[in-house]
Amino acid sequence: MVLPMTAASAEAGGGVFTGWVGIDGNRIVLVTERAEEAETFRAAHPDVHRIDGRGRVLMPGLIDTHCHAAMTLQRNRADDIPLMRWLYDHIWPFESKQRPEEVVVGTRLGIAELLLGGVTSFVDMYYWENHCVEPVHELGIRAWLGCNYFDSNVEEVFPQMEEAVARAARSGRVRVAVAPHSAYMVSPENLVRGKEFARRHGLHFMTHVSETQDEMRIIRERYGCSPVEHLDRLGVLDEHTVAAHCVHVDERDLATLVARGVAVSHNPQSNMKISSGVAPVERMVQAGALVTIGTDGPCSNNDLDMWEEMRSASFLQKSATGDPCSLPAYELLKMVTVNGARALGYGDELGVIRPGALADVILIDLQKPHLQPVNELIPDLVYCAKAADVETVVVDGELLVENRRLLRVDLPALYAEAREAVQKIVAR
Ligand SMILES: [Zn+2]
């Protein structure tokens, strides 16, 4: 695949260049501004699939580090109500009636939305992930399927996790993660049990951390400390841990997260919608924390649009700190690409446009009124681009979206399946 275009990447230096990018197999093998090098590549690959990138920008695919994709089925079913009533009266009763095949439909719908919005990697956290491995693999997105558990269902979920690990072993792009819901819904014993499972199988560990004031109060009453301190005492925090939210973290918590190499998944729109508070992201960045961005589920967002998350993250920080210099555009681009890749253990192999990197790239159509004129490319992408501007999506060298069309999904059929799934669940 050869793509002549302007490319933007958040690698050190934040390079923007105009030239050609060549992909062979699942890797980027050519990044050049020289026409003769592109010609040599084309000559060596006569059956290459060419994409004209003129008037477009190529960039690394976005990485969503916290999502509950199957909650698409509950989109807009319960809005504008307090968190605990939302969970106890709406979300959890609906989820208790869901069957695995319905979770698969909701997950596929979420992934369709993610891919069309330029997300090439995502971290999920839900039930029945053991049933989702093959369907997710078929859609082609790079995924971490986090098996969510509470104390109440831990004995059911651990065998499912074993099964998911065995199924995912056959897929290079789908990995499994251990995902206890939170320190307030999962006992210390079961948190440690999950971490041991993760270490034994070389998996990531992810959980909701310090999301709301209620959680802070519960953990302090039970354990006499903050959620971060509690998790650290249990020994579950390390560089293979993703902590979602981290809204209410103080300087001591922050020092712990940095020292342990924990990746933070900042979910600004969810935090705003549920009135959780404002995560001190600017402080986190200053302190050297690895901050990434997540959409959270489509019940608290209510879409899976990472472009909106980027913009919201920046504007929310500027508003909360009173400092318009906080979280500049370039930092946001880094969070959704380079930092996401590091959080998921890919180091510099993903989230960059560089020879040798994994070929997860997207093309943005810049020929839109809201993107013109392109005076500065990176702010144009971060502050102006929308999910609907993503035209082409390549994951692991495979073309998944072409001219805004998902190549592996029959969308009208999927919408019908989603409607039917909701009707069945509600009728139970
Ligand atoms: Zn969440």
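1. Among contacts between residues at least 6 apart in sequence, 73% join residues at least 24 apart, where two residues are in contact if their C-beta atoms, placed from the backbone, lie within 7 Å. Please keep in mind that this is a predicted model, in which local features need pLDDT of at least 70 and side-chain atom pairs count only at pLDDT 80 or more, while totals for chains, interfaces and linings use all residues. Residues are numbered from 1 along each chain as its sequence is written.

2. The chain is divided into domain 1 (2-60 + 358-406) and domain 2 (62-343), with bounds that come from an automatic or database domain assignment. The C-alpha centres of the two domains lie 29 Å apart, and 23 residues of domain 1 are in contact with 22 residues of domain 2.

3. The largest nonpolar core has 126 residues, and those with the most contacts inside it are L115, L145, A177 and V264. Such a core is a set of buried Ala, Val, Leu, Ile, Met, Phe, Trp, Tyr and Cys residues joined through C-beta atoms within 7 Å; buried means that 20 or more other C-beta atoms lie within 10 Å of a residue's own, placed from the backbone. Domain 1 and domain 2 both give residues to this core, so it lies between them.

4. Across the chain, buried residues make up 52% of the 428 residues, and the C-alpha trace spans about 65 × 50 × 40 Å along its principal axes.

How values were computed: A residue is buried if 20 or more other C-beta atoms lie within 10 Å of its own, exposed if 12 or fewer, and partly exposed in between; C-beta atoms are placed from the backbone.
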